[in-house]
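Please keep the viewer open as you read.

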Amino acid sequence: MSANVKEKAKEARNGLQQGIYVVINPFVRLLIRMGVTPNMVTTVGFLGNAAAAAVMMWAGIKLSTEGILDWSLLIWAGAMIIGFSLFDMLDGQVARLGNMASSFGAMYDSVLDRYCEMLTLGGITYFLFCCGSISGVIITFLAMVGSIMVSYTRARAEGLGVECKIGFMQRPERVVVTAVSALATGITGVNISPLSEFDPNIILISAMGIIAIFANLTTFARLGYAKRQLIAKDRENR
């Protein structure tokens, strides 16, 4: 990807983010007046994502115990992931507009973000296991590994004094792919004919494959970028 394309993608992403802030800022100010803190918002977002993972797992449990695959549960899970992931933007805005930013708040947000993602992907893994899709389980596991390593590579690089935010499959993209694929899988499953040979889980598994590929590519891209920056930094310090 050329530098020009990367810059345009970054500008588009920033523009979208600013547009979202315009929409949510009145609500953010209301939360601040109500005495809501950024950590409260972060906690609610975590609990909502944990609930979404539980709904996904419940779909697998119903299939295992009752032999019923309730596709509507995937719709609920996808909607919950989208809705409660918005709290990831709300907490930052509450901190900024309410002048409540703190170092611990930033760490708390990052830690719960990781929990949210691992619980969500864990719920999908369990659901696909109950559906008998071993390949789906493996692919989702690789998506989980990539997701962890994208975050860890950035954190480790920044711990060594190098800013490392490059790459395509960052957390917002992973959340969108996960949520939309869960919604699409559920909607397809609800509307598909019982006689159809098409398995709606293909949508979910394909999305996990996209995350697995691009998250791990992002990890290695960050590793390469950090290597160049750290080598240059070491040379300057000699």
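With which residue does Arg154 form a salt bridge? The partner is Glu158, and the closest N and O atoms are 3.0 Å apart. A salt bridge here is a side-chain nitrogen of Lys or Arg within 4 Å of a carboxyl oxygen of Asp or Glu.

This is a predicted model, in which local features need pLDDT of at least 70 and side-chain atom pairs count only at pLDDT 80 or more, while totals for chains, interfaces and linings use all residues. Residues are numbered from 1 along each chain as its sequence is written, and side-chain values use heavy atoms, leaving out hydrogens and water.

The structure holds 5 salt bridges, including these:

| Salt bridge | N to O distance |
|---|---|
| Lys62 with Asp70 | 3.5 Å |
| Glu117 with Arg174 | 2.4 Å |
| Arg154 with Glu158 | 3.0 Å |

Glu117 in helix 5 and Arg174 in helix 7 are 57 residues apart, so this pair links distant parts of the chain, and both residues are buried. Buried means under 20% relative accessible area, exposed over 50%, and partly exposed in between (1.4 Å probe, protein chains only). Lys62 counts as buried at 16%, whereas Asp70 is partly exposed at 21%.

Terms used. Helices (H or I, at least four residues) and strands (E, at least two) are DSSP runs, numbered from the N terminus.
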